[in-house]
Structures are given as C-alpha cells and as structure tokens.
Amino acid sequence: MNQWQNFLKGFIKENPIFVLVLGMCPTLGTTTSAMNGLGMGLATAFVLVMSNVVISLIKGLIPDKVRIPSFIVVIASFVTVVDLLMAGYAPELHEELGLYIPLIVVNCIVLGRAEAFASKNGVWSSFVDGLGMGLGFTFALLILGSVREMLGSGSIFGLKFIHGDGMLVFVLAPGAFIALGYIIAIVNKIRKA
Amino acid sequence: MEYFVIIISAIFVSNIILSQFLGICPFLGVSTRISTSVGMTGAVVFVMTIATITTYLLYYYVLEPLDLVFLKTIVFILVIAALVQMVEIILKKSSPSLYQALGIYLPLITTNCAVLGVALLVIQKNFQLMESTVFAIATGIGFGLALVLLASLREQLDLVNVPKGMKGIPIALVTAGILSLAFMGFSGIV
C-alpha cells in the first residue's frame, strides 16, 4: 500500500465513525454545531498523530506485556497537552467541549490505531496513518455537526440562512442519535453501490 | 433529600448514555441481548463505584496538596486500568461465581468512557465523598437502565423486516434516539 492510499483510507473506506463505528461518545456529544465538531475533530487528530509517531518511535523499547498501559500513558500525556493548550488559546471552545477533551484518552480510535498500526509500522507510515484517520474523524464530525446545525438552528458555522428557529430536537440529545443513524445508513448505501 | 435528588437526576434526568453521551461503545456493542446487558451493568456499577471513590481520595489527598492537579487525566486512567485488573484478580480468588458472571465484561470496562467520565464529573461538581459514591452508583444504574431498555427493543427488532441499509447500527442509533426523546420527558422533575 502506498502512502497516498494509506492516507485516504480514513476518509471513506475505513472511516472511524461511519464504517468502524468507533469513538461514538465525542461524536454524539460534541457535534451540536459545525464549529464544535471541527474543534473536537482537530483536537483528536492532533492526539492521534502525535501518539502514533511517539509510539512507533518507542515500540522497540516497550516490553510486550505492558504495552497497553504504556500506550495509554503516551496518549494521556498528549491529551493533557491539548487540554492545557485549548484552555489557554481557545477558552470558549474549551468551555463548550468541556468533559469531552480529557475523554479523548478513552477514545477507542486512538488506542485502536496505536495497537493496530503504530506498534507494527515505521514512523513515517504511522504519521500518515494518524493524519488520515484523524482527518477522516474530523470530516465525519464536521458532516454530523453541519447536518445537526442546519436542521436544528437553521445556520451553518453560525451564519443564519432561515428566519426563526429550526427543529430544536436536532441540537438536543435525541437528534444526535437519529442524525447519525441516518448518515450511517446513507454511507452504507453508497459503499454497497 | 439531596441524595434523592442526585439519584433521580443521575438515573433519569441526565441519564449518562441518553443525555450525556458517555459509554456509547458498550451501549451499542453489548445491547443485542438482555442477558449480556444485565451482566455488563453489574460490572459497570461495581467498577464505577470503586473507581470513583479511589480517584476522589487520590485527587483530594494526593494531587491537590502536591499541586499536581493537571496530571489528573493521566493518573485517573492509570488508576482505573489498574483497578479493573485488580478487581478481576480478587474476584477470581474470592468469589468465583461472581467472577463467572462478570468475567468477560471486566476488561471491556477500561475503555468505557463512562467510568473516567464519572470520576472527572464528581471533581467538576465539587461533590463530597458520600455524594460522589451515591452519584456513581446511581449513574451505573442509569447506564444499566438504558442498556437493558435498548437490548429489549433490539431483540424485538430482530424479528422485524428492516430496510437493508438500516440493519444493525443505524436502526439501533435511531431507536436510541427515540428512547432519548422519551427520557427528555423527565427533564424538569428536579
């Protein structure tokens, strides 16, 4: 597999959300608007890239038996970095995403890529894999966030395009489940076709 | 009285799955059969309570005096992972029947974000130790309630002719959405 394919697989073929259905909690919890979805996606992508690179660098040093706890420590360190950076430079977004930032630690995608890819491949491929998966995740969050914002408040990235209110239910919890359910169904349809 | 409010709000009003979106992975993965979801609930209530008490004590008696609060994410996740291992070993020795019942679900719990979520939430909400314990147990029960409800709905869905693209995860998500809509009716109780 060349690097370009390695990069592209995260978008549709192995998209972490639409196809692998991993990392559902931040997906549903933070996509109340396109902006929040984008912010969460980029934060996760950063952690994914950095932890993939570091883990593939130190994979020779970690004894096999303690590899999972070691991966978790690496991931948790980068999550703390993101948490502090966001609190410093984007306090509003940090406030909005709240609990979901520290919870990137337990996002199955990050640990999943560390275990399935970075612990077996070189630094460069791991970097590309992390970037592709991270951006694929961001892409999925952006789509879900845009759909919910358009239906729920009639705006996109905060720009109103209808008068009055949208269907509030799509901004609230139930809308997240329903919108994601239908998006996955559509993606299934496209992939089979 | 305040404990009662905590319990009702953790189980119904701000249900951990249906309104906070924590612990969705086991929610979708384990909710195909009622029996497995009951097993999972038992394991989650157990680990969540012990983990919350441990992390609470660690935070207020070790991290805060040493001014290491920013390390809480790393410390909490390691404590939870170690705790799950320890609970597994102790249960295996002391209560084989309980171990038999919970065994396969225990390792899955480390990656359940609800456990880490509750540990972080009680710090955020400034709960006392007793309140935190009650909150953890009630949240676990709320998790179980949502899990068992969805499992019983999905068992019925097996018998229905679902459109091809909607089979599996999509229909489960839409069902969960309707369930969440029903739970919104509880808002305003407390």
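Reply: Start with confidence. pLDDT is the predictor's confidence in each residue, from 0 to 100. We need it here, as this is a predicted model. The mean pLDDT of chain A is 86. In that chain, 99% of the residues reach 70 or more.

Me: Which elements of chain A have the lowest and the highest mean pLDDT?

Reply: First the general idea. Where pLDDT is low, predicted coordinates should not be read in detail. Now the case. Strand β2 of chain A, residues 159-160, has the lowest mean among the elements of that chain, at 78. Helix α3 of chain A, residues 34-58, has the highest, at 91.

Me: How many helices and strands does chain A have?

Reply: Count the elements, then read their order. Chain A has 8 helices and 2 strands. Along the sequence the pattern is α-α-α-α-α-α-α-β-β-α. The radius of gyration of chain A is 17 Å, close to the 16 Å that the globule rule gives for 193 residues, so chain A is as compact as a globular protein of that length. Its C-alpha trace spans about 60 × 45 × 25 Å along the principal axes.

Me: What share of the residues in chain A is buried?

Reply: To call a residue buried, count 20 or more other C-beta atoms within 10 Å of its own. In chain A, buried residues make up 46% of the 193.

Me: How many residues does each chain give to the contact between A and B?

Reply: Take each side in turn. Chain A gives 33 residues and chain B gives 31. On the side of chain A, the elements giving two or more residues are α2, α4, α6 and α8. Helix α8(A) gives the most, with 11 residues. By class, this side of chain A has 26 nonpolar, 5 polar and 2 charged residues.

Me: And the nonpolar core? Which residues touch the most other members?

Reply: Look for names from each chain. The largest nonpolar core has 104 residues. Those touching the most other members are A:I75, A:V105, B:I24, B:I77, B:A114, B:V115 and B:L116. Follow B:I77 as an example. Leaving out residues up to four places away in sequence, B:I77 touches A:I72, A:A76, A:V105, A:V106 and B:L116.

Me: Now a backbone angle. What is the phi of B:D67, and is the residue buried or exposed?

Reply: B:D67 has a positive phi of about 65° although it is not a glycine. B:D67 sits in the loop between α3 and α4 of chain B. It is exposed, with 8 other C-beta atoms within 10 Å. B:L68 is found in that loop between α3 and α4 too. B:L68 is partly exposed, with 13 other C-beta atoms within 10 Å.

Me: Where does B:N126 lie?

Reply: B:N126 lies in the loop between α7 and α8 of chain B. Its phi is positive, about 55°, although B:N126 is not a glycine. With 8 C-beta neighbours inside 10 Å, B:N126 counts as exposed.

How values were computed: Residues are numbered from 1 along each chain as its sequence is written. Chains are lettered from A and ligands numbered from 1 in the order in which they are written. This is a predicted model: local features need pLDDT of at least 70, side-chain atom pairs count only at pLDDT 80 or more; totals for chains, interfaces and linings use all residues. Helices (H or I, at least four residues) and strands (E, at least two) are DSSP runs, numbered from the N terminus. The radius of gyration is taken over C-alpha atoms; the globule rule is 2.2 Å times the number of residues to the power 0.38. A residue is buried if 20 or more other C-beta atoms lie within 10 Å of its own, exposed if 12 or fewer, and partly exposed in between; C-beta atoms are placed from the backbone. Two residues are in contact if their C-beta atoms, placed from the backbone, lie within 7 Å. Ala, Val, Leu, Ile, Met, Phe, Trp, Tyr, Cys and Pro count as nonpolar, Asp, Glu, Lys and Arg as charged, and the others, Gly among them, as polar. A nonpolar core is a set of buried Ala, Val, Leu, Ile, Met, Phe, Trp, Tyr and Cys residues joined through C-beta atoms within 7 Å.
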